[in-house]
Amino acid sequence: MLNKCPRCNVLVDKKLSNCPLCGAYIEREDEEIDSPIPQIDYSYPVVDKSKVWRDIAFRVVLYICLISIGICFLVNFLAAERIFWAYHIIFGWVVFWFTLGRSLFFHLDLRKQIFWYSVFFAIISYYIQFFIYHKFVVPEEQNWALVWAVPAFLLGGIATLFILMLLRFKDWVRYSMPLTAMCLVTAVPALMATVMYKQVHFMIFICLGVGIITLLLMMILGREKYFLELKKKFFL
């Protein structure tokens, strides 16, 4: 839309309020509004109720955790018998937050859940054994946690992740990193057995062998995609 200057009769763009030639002020009548003025929404933003309830539940559980630990330690230290059973409460809460707590309040991905559940079930089995015998190092024939339970949980985690990788083959790279971590963890019971008993039980050998074979398969078959994901994971 163009208007004429009333003084020098020059066409002036509608965006200008003065004539570029003589500087005279241009009065505009019945100007068209290109776009309506946006309406401002003064209402409060809508918040997902499930997120609110999850945040409240997280705070409640966290307060219960801290209060229960504090009360248990206070009672434990005031008791006549110095048996530190309060440490079991801490261990129970640690297991809760790294397994169920992470899944409920932090939306932990399924592939990461499988890894953490497998690792912590292995730790729990060793903790139960320690609670039974009241010592960390026991004879190999009594060490059922290290010889049988820990390899079984790790093999179960590897098998579950490998099956999910095959079922969702188009997205297999997302499962490769938790599976890699699980394969590396299989070396831990082998190292523990070597240090404790100077020998490795065949069940631990099977667990370590499955971990190594699975890791080699991902390296050989995955090739560039696998190593690229590995570099992204470690920011290389």
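# How the terms apply to this structure

Me: What makes a contact in the protein chain, and what share of those between residues at least 6 apart in sequence join residues at least 24 apart?
Reply: Contact means heavy atoms within 4.5 Å. Among contacts in the protein chain between residues at least 6 apart in sequence, the share that joins residues at least 24 apart is 51%. The model is predicted, so local features need pLDDT of at least 70 and side-chain atom pairs count only at pLDDT 80 or more, while totals for chains, interfaces and linings use all residues. Residues are numbered from 1 along each chain as its sequence is written, and side-chain values use heavy atoms, with hydrogens and water left out.

Me: How many helices and strands are there in the protein chain, and what makes a run count as one?
Reply: Helices are DSSP runs of H or I with at least four residues, strands are runs of E with at least two, and both are numbered from the N terminus. The protein chain has eight helices and two strands. Read from the N terminus, the order is β-β-α-α-α-α-α-α-α-α.

Me: Why is Val75 called partly exposed?
Reply: Buried means under 20% relative accessible area, exposed means over 50%, and partly exposed lies in between (1.4 Å probe, protein chains only). Val75 has 44% relative accessibility, so it counts as partly exposed. This residue belongs to helix α1, residues 49-78. Its C-alpha atom is separated by 8.6 Å from that of Ala86, eleven residues apart along the chain.

Me: What share of the residues of the protein chain counts as buried?
Reply: Of 236 residues, 32% count as buried.

Me: How do you know which face of α6 its buried residues line?
Reply: Helix α6 covers residues 187-197, and Pro189, Ala190, Ala193 and Tyr197 are buried in it. Viewed down the axis of α6, these buried residues fall within an arc of 100 degrees, so they line one face of the helix. The arc is that of the directions from the helix axis to the C-beta atoms. Leu191 and Val195 are exposed, on the face of α6 turned away from the buried side. The cover over the buried residues of α6 includes α4, α5 and α7.

Me: Which residues have a positive phi, and where is each found?
Reply: Among them is Lys198, which follows α6 and has a positive phi near 60 degrees. His134, in the loop between α3 and α4, has a positive phi near 60 degrees. Arg223, in the loop between α7 and α8, has a positive phi near 50 degrees. For background, most residues other than glycine have a negative phi.

Me: Are His134 and Arg223 buried or exposed?
Reply: His134 counts as exposed because its relative accessibility is 62%. Arg223, at 54%, also counts as exposed.

Me: What makes a group of residues a nonpolar core, and which members of the largest one touch the most other members?
Reply: A nonpolar core is a set of buried Ala, Val, Leu, Ile, Met, Phe, Trp, Tyr and Cys residues joined through side-chain atoms within 4.5 Å. The largest core has 23 residues, and Leu161, Met165, Leu179, Met182, Met218 and Tyr226 touch the most other members. Two or more residues of this core come from each of α3, α4, α5 and α7. Apart from neighbours within four places in sequence, Leu161 is in contact with Arg111, Ile114, Tyr175, Pro178, Leu179 and Met182. A second, separate core has ten residues, including Val61, Cys72, Phe73 and Trp97.

Me: Why is a space called a pocket, and what lines the largest pocket?
Reply: On a 1 Å grid over the protein atoms alone, a pocket is an open set of points where a 1.4 Å probe fits, with protein on both sides within 12 Å along at least five of seven lines; lining residues have an atom within 4 Å of a point. The largest pocket is lined by 15 residues, and Arg111, Met177, Pro178, Ala181 and Lys233 lie nearest its centre. Two or more lining residues come from each of α3 (110-133), α5 (172-185) and α8 (224-233). The largest share, six residues, is from α5.

Me: What is the volume of the second largest pocket, and which helix gives the most to its lining?
Reply: The second largest pocket has a volume of about 230 Å³. α7 gives the most to its lining, with five residues. α4 (144-167) and α7 (202-222) each supply at least two.

How values were computed: Grid points are joined across faces, edges and corners, and a volume is the space filled by probe spheres set on the points.
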